Amino acid sequence: MKFQHCRLPSGLTLIAETNPTVHSVAAGFFVRAGSRDETPEISGVSHFLEHMAFKGDHRFSADDINRVFDEIGAKYNASTSEEVTMYYAAVLPEYLEQALELLSALMQPALRQEDFDMEKNVILEEISMYEDQPSFTCYDHIMATHFSGHPLGQSILGSQTSITELSAAQMRSYHSSRYHTGNLVLAVAGNCDFDQLRELVEKHCSGIPSGITQRAIPEFSPQHTVSLLHRESSVQQHLMQMGPAPRGSDPLRFAAELLSVVVGDDSGSRLFWELVDPGHVESCDLGFSEYDGDGAWMSYLSCAPEDASTNLERCARVFAEVNAHGVTAEELEQARNKVASRIVLRGERPMGRLSSLGSNWLYRQEYRSIADDMKIIRSITEDQIRELLQKYPLQMTTTAGVGPLSTL
Amino acid sequence: MECPQFIESYRLSNGLLVVFEPMPDVESAALSLLLPAGGVRDPAGRCGTAAILSEMFPRGADGLSSRSLCAALDNLGLQRSFQTGSAHITFSAATTADRLTDALPLIARMVLQPHLHDSDFEPARDLVAQGLLALEDEPRQQLGRLLRQYSYAAPWGNPSEGELADLELITPDDIRRHHQQYVVPQNAIVGIAGNLDPTQLQSTLESVFGSWQGSAPADMPAGTRPTSPFHQLHESAQTHLGLAWETVRYSDPRYYEAWAAVSLLSGGMSSRLFTEVREKRGLCYAISASLSTLRDDARVMAYAGTTTERAQETLDVTVQEILRLSEGITEEELQRCRARAKSSLIMQQESTSSRAGSLARDMYLLERFVSLQEIHDRIDALTFEGVRQFVIDHAPKSMVLVSIGPQAPDPGCLPQFQ
């Protein structure tokens, strides 16, 4: 694998990790635009805009976009988070040019009124769909309460009201403030030649306007809150907890990743042996989320409502034990082995490499090879875990739930 | 397209069927082990026996405690899972190639000699029960389970994840009996793909699985299935709609035409259902149709989720699109299906897990392996006229309709009521 990058005359940054031994190539635009960049009046616009990108530009209609992507056999889609909107396509190497042409069209959509009106229905259906998934509702709720007053607390999908009231003009204005070369990166992973790639990108992606956008990164400390959404019809109680963890730029993030595996991986972790293996819960895990300027521990459990308080106490005991005594050398070695194997398996496919390639650049202007990641994971010591726990103990400030309980 | 593959299949001395594809360009290796002990083998009234057994495999084996076994497998970086299906309990695993070889003896001990202690039974049963309760909060997943139940004759339509009411009746002895009777080398299949040496692999497999004994039980006779339409009341935001109709099974000479027909309906974002129901009318976010194939039976299963006031229109339009599929098929439309399929085939060569799974599944459904080149050639050989004729010959004369939501839709649009 070989990494190369350049800035094109239009100001667009192109990064690529080429690998002649794989069969496909994946390309994706990573745009620094997500729900945290919205104001309350346009809540949900980043995600709605992601849908509208597929409605075509001045040359391609909505039908054209989907038809041509299917003609070249692309695996393509897009996703929106609090911080990033990502558009990607994985294709056979001979179709890279068409894929780049279409991806470029997605960056400059026409945002036609009639398409906007029709797609609004689809977005409202998507919001309803997620209402029927309690774990998702719980996630939305804990983000809103943990990051209350901070942009990261804003919902990705928006609400029925904000979407209904959103206008195409507001979306156009948001689009022109975010979709320019200073605010996005084009990442490519897989079987291609960099010089040819650069020519193709110059040919097809030079229309993206230049510009710079600053993102507000306010300082923040969460308040202790417990907030349960009462849902009589739910059978299970869903509970999440969050607490402060290293931010996206903090070198401690690698230790945090390993600690979350020791404590909260879906099998063989402390939470697994305490709660899942004995059958106390349906599932229970701990994850680590890194953001621009912030970070969070996030735990999740679902269980019978009558066992919810006891199970939360069990989690608290696991966290307290880890905070007091750290983790064992054996546990750390197991976690290293697990994570190393995941890195290798994920890295075998261009699509698996694309997301880490794009995110590392967008967040830190940094390239990390598989070997770099393996090396740092292997190098994390118990001392570093202790240092991490001193700065960011597993102390949950925020508890949120969805289910039959109204109090804990 | 060039898909050079050197797949081989053979039987070990005890009859266990192995299928292996060397993949020298990757670092990993993956395994898919099909054990003929799936939900169809659950005793009557004890639906969930196989599901509990799946939960009990990792809880210690051959003198290794649950924790020691888990630590040993984690140290080999082995990503792994047990899944309970109707025909099989499937154990899937992947890691770097050298470590998979080291993991094989542990995997064999776990599968052949699990402890199945009384003390581990209750926690495993509780986990299965919790999973079923969680399913009740997820109407879309619940719908999949119901659609299967109303589409296939028992026991093939039985929910392999278990029935809440039955779990209380299952005993540790049932689990041990299930293991003894059905976790046998006859009819079990090992699929492996990855960067491994074929000779060394065969000798490792022989040494770890060769002593496994047991004979295959008789095939399961098919019973009856409940009649639909069926609606389950639920206070959900959306009404979830499921449709199913008969098609040809995987071993049928016309299978690839059946595949193309479903691909026209739901094979990409330019396909009929996505375009007509979502893009043109904005009726839903999620809509899809796919082939479901057992060894001896097959269905097309379709799903749409939509808010209740639009559920009727969504159902009517979806059924109408399915019934008018034969109208106006174009060569371009078919060409898009071919392109998507070929691209997926080539990308499969980048994933050892996906190859191991496909190899094992093909050995079960067809009793032979299928190379990517063969699939490629069959897809190339599809003709516009052949696909159109298939759609006409197999136009659904009746459909199963299952729904979950605040209100039952009117099934008047279904072909059997026309």
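Two residues are in contact if their C-beta atoms, placed from the backbone, lie within 7 Å. The model is predicted, so local features need pLDDT of at least 70 and side-chain atom pairs count only at pLDDT 80 or more, while totals for chains, interfaces and linings use all residues. Residues are numbered from 1 along each chain as its sequence is written, and chains are lettered from A and ligands numbered from 1 in the order in which they are written.

Reader: How many residues does the contact take from chain B, and how many from chain A?
Author: The two chains of this predicted model contribute to the contact separately. Chain A supplies 51 residues, and the number from chain B is 53.

Reader: Which helix gives the most to the side of chain B that touches chain A?
Author: Several elements (helices are DSSP runs of H or I with at least four residues, strands are runs of E with at least two, numbered from the N terminus) each supply at least two residues of that side, among them helix H2 (66-75), strand S5 (89-96) and helix H12 (331-348) of chain B. By class, that side has 18 nonpolar, 19 polar and 16 charged residues, where Ala, Val, Leu, Ile, Met, Phe, Trp, Tyr, Cys and Pro count as nonpolar, Asp, Glu, Lys and Arg as charged, and the others, Gly among them, as polar. With ten residues, the one that gives the most is H4(B).

Reader: What separation do the centres of domain 1 and domain 2 of chain B have, taken over C-alpha atoms?
Author: Chain B is divided into domain 1 (37-183) and domain 2 (230-417), with bounds that come from an automatic or database domain assignment. Taken over C-alpha atoms, the centres of these domains of chain B are separated by 29 Å.

Reader: Which element supplies the largest share of the side of domain 1 of chain B that touches domain 2 of chain B?
Author: Twelve residues of domain 1 of chain B are in contact with 19 residues of domain 2 of chain B. On the domain 1 side, S5 and H5 of chain B each supply at least two residues. The largest share, eight residues, comes from H5(B).
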